[in-house]
Amino acid sequence: MIRLRADGLLRRLLLFILLFSLCFTVLASAVQLYFEYRREMRDIDARMELIRAGYLASLERSLWDLDQEQLNVQLRGLVDFSDVARVRLDSSDFQLLQGQAEPAGPLRIERFALDFQPPTGPTRHLGTLEVSIDLGAVHQRLFATGLTSLLWMSVFLCGLAVALSGLFYRLVTRHLQVMAEFARRVAAGHWQEPLRLDKRRSARVDEIDTVAHALDDMRRAILSDIDRREQDRLALQGKRDELQAMVERRTESLARAKDEAEAANLAKSRFLATMSHELRTPLNGILGMAELLRGSSLDPQASRRLEALYKAGEGLSAILNEVLFFARLEEGESHPEPVDFSLRRLCGEVLTLLEPRATANGTELDCHVDTRLAAHQFGAEQYLRQVLSNLLANAIKFTEGGRVSLEVQVLQAQRQWVRVQVSDDGIGIAPAMQARIFERFTQASETVARRYGGTGLGLAICKHLIGRLGGRIGVDSREGQGSCFWFEVELPAGRDVAAESASQGLSPALEILVVEDVALNREVAGGLLERDGHRVSFAEDATQALAVCAQRPFDLLLLDVHLPGMSGVDLCRRLRAGAGPNRQTRILALTAGVQPAVVRGYLEAGMQGVLAKPLRLDSLRRALAQVEPLPTVTAPDTALDLALLQTHRQLLGEQKVQGLLAVLRQGLDEQRGALLDALRLGDCTQAADLAHRLAGSSDSLGLCGLATTLRRVEAVAVALDAPALQGLEQPLQRALDEARRLLERLMQSGRT
């Protein structure tokens, strides 16, 4: 049974055949009608010609004879002609009419002149014969003929269309359906069953057979490809397992290498910490005792020997500091802190500090600064001081009885791009070593290393610092003729700052507890502190320190980190966790281990800072000066944590702290409106998010009063208590106003 799908090929073919048949039938009928029409017209023309040839002469004779009866008979004979509707004769003697007086259909009118030739005389015009042909009858015959032809042709062509459609279905469509079903089975993964068509086998292969064979070939190719892929998969699985095993072995090897590297790095850090402690502990005693003895009255020879001892200790301390400073640079913990300073003054200070060393070496120092250099600069003064000190110290060390020049040139006045160069006429550097001279642990030669000593880290530190400032450094030298070390950096103009005082003022007398297990170090620390009028108590270990701290309060605790039994870090935790009178007392660590990773552990334990061994009087005074509260900022303990703020100032620097305060103030100003609106509308989600972010920022900069209020807002918002949240609007507004005033005063105090 033939099934016609709405969108099937067979249905479209049948419609196409029917449409073609209709068009063909109409066209054929039109052609047939045309030829029938032409035949009818030729018949009419023949009848008219018959009238002209056979009737006109008889009519002319009857009209000449005035025989009316004969004329009527003749006219009735003409009316009997096929399709003649009316005949009329017009003459001077007669007006005769035969047929329909007013025919209804369309007419074809033919007129014939009636002329008679008498026996004598000229031809005489007797009248006119008018014959009217009824074309309506012709049209009716044509219509009947065309309709009959159209019907018969339509029946024939429709039958032909149905027959052709059935034939097409048997020869093509049903096989296409079978092939489509086969393709769906292949797509579904059923590849084993071959394609079979319900048709008689023939020796000749037609297009359907070709397509069927191609589809079956595709099925067999898919099966072959599946088999090949399965073989490839098995082979790949074996390779993958082998590679996986190799990766696991390699991963284990890398993990072991990583563990070994981390262990080596940890061992290096422990070695540096141990070396720092083991070297700085006796060095602290040497330099401390030397500094105490320098203040006493000694004979000239003893003073010279003491000074030599002190200089030797300082040299050893400088070597140790270089090693530890480079370790901090490798850990990435050193960051430039830009400040306002004067490069002229910095050059003068460094030259003044190194002048005694140059005098002892018989070396002259001179300095030339470009007049175009701005009065003040803005940059990392500490980095530049370190670089200048290293370059000048090297130049003085390798120049005996010569000259060392420091020159500052302005390369671009608008951007203040400056070039600083240190020239000497010392031993110089061989060309082969100039490319490596800035590498760590590298010196000009083994001979130079044995004669002049040093670690070979100074120039590596200089290169690292200048690179952090975005500049470049280099050397021009000739062996035996001197060297010129130079660096170029951009130093924008800075603001005019007040000149620093020549010496550090003394702090008010403080009650200080020193916890130190080494007697020599206790004596040094006590001597330095008592010299400035402080009242000092001592403890040899953590047990004694806990007992003393439980009895009375102190203004400052100095804790040695490496104590017998309980360490200084654990002692600090015990004091912070207890309820004694020294729970909030400022605590500083006394240690030789000043690596950044180690210092972070001290601060996390509750210490506010670190005093590096060996103790120096100037560093000790600076640390003690920070114990006092800020003179320009007063606030209740519940509103501002001054100790935390002071710690930030010590660790980050005043300029960095001022920047953080400005960022916090801007954040409070930007989020204030949104936070208060969230409280007013009872929007718990928005309030919790904003309060959480602002509380963390406030806590980190010591605004504990505002942070407490924000934490309360966050807790209420998280509990989804909208009425209680709306009730906190006024307290939060007061806390924000108070925090804004505190920030303004803190920032003002930092600028003055």
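## Ground rules

The model is predicted, so local features need pLDDT of at least 70 and side-chain atom pairs count only at pLDDT 80 or more, while totals for chains, interfaces and linings use all residues. Residues are numbered from 1 along each chain as its sequence is written, and side-chain values use heavy atoms, with hydrogens and water left out.

Helices (H or I, at least four residues) and strands (E, at least two) are DSSP runs, numbered from the N terminus.

## The four-stranded sheet

Let's start with the open sheet, where four strands follow the order E2-E1-E4-E3 with antiparallel pairing. E2 and strand E3 (107–116) are the edge strands, each with a single partner, so one side of each has no neighbour in the sheet. From one strand to the next, the twist averages 15°. As background, strands of a sheet pair through backbone hydrogen bonds, either parallel or antiparallel; here, two strands count as paired if DSSP finds at least two bridges between them.

Strand E1 (residues 84–91) and strand E2 (residues 95–99) share five bridges in the antiparallel sense, and a hairpin of three residues joins E1 to E2. E3 and strand E4 (residues 124–134) run antiparallel and are joined by 10 bridges, with Arg108 opposite Ile133 in E4.

## Helices around the sheet

Helix H2 (residues 56–65) packs on this sheet and touches E1, E3 and E4, where contact means heavy atoms within 4.5 Å. The direction of H2 makes about 55° with that of E3. Angles run from 0 to 180 degrees between N-to-C directions, and axes are lines fitted to C-alpha atoms, for helices over the stretch in contact. Helix H4 (residues 135–187) lies across E3 and E4, at about 30° to E4.

How far apart are the axes of H2 and helix H3 (residues 68–79)? They lie 9 Å apart, and the two helices pack at an angle of about 155°. That makes H2 roughly antiparallel to H3, a label for angles over 145 degrees. Residues Ser58, Leu59, Ser62 and Leu63 of H2 meet Gln70, Leu71, Gln74, Leu75 and Leu78 of H3.

## The nonpolar cores

A nonpolar core is a set of buried Ala, Val, Leu, Ile, Met, Phe, Trp, Tyr and Cys residues joined through side-chain atoms within 4.5 Å; buried means under 20% relative accessible area with a 1.4 Å probe, protein chains only. The largest core has 42 residues, and Leu343, Leu388, Leu391, Leu392, Leu406 and Phe487 touch the most other members. Among the elements that each supply at least two residues are helix H7 (343–360), strand E8 (403–412), strand E9 (417–424) and strand E11 (482–490). Helix H8 gives the most, with nine residues.

Leaving aside residues up to four places away in sequence, Leu343 touches Leu373, Gln377, Val408 and Leu491. Another core lies apart from the largest one; it has 34 residues, including Ala688, Leu703, Ala717 and Leu725.

E9 is mostly covered, with seven of its eight residues buried. E8 and E9 run antiparallel and are joined by eight bridges, and Gln412 stands opposite Trp417 in E9. Four residues lie between these strands in their hairpin, where Gln416 takes a positive phi near 55°.

E9 also pairs with E11, in the antiparallel sense over eight bridges. There, Gln421 has Trp486 in E11 as its bridge partner.

Definitions and conventions: Buried < 20%, exposed > 50% of the residue type's maximum accessible area, 1.4 Å probe, protein only. Parallel < 35°, antiparallel > 145°, perpendicular 65-115°, else oblique.
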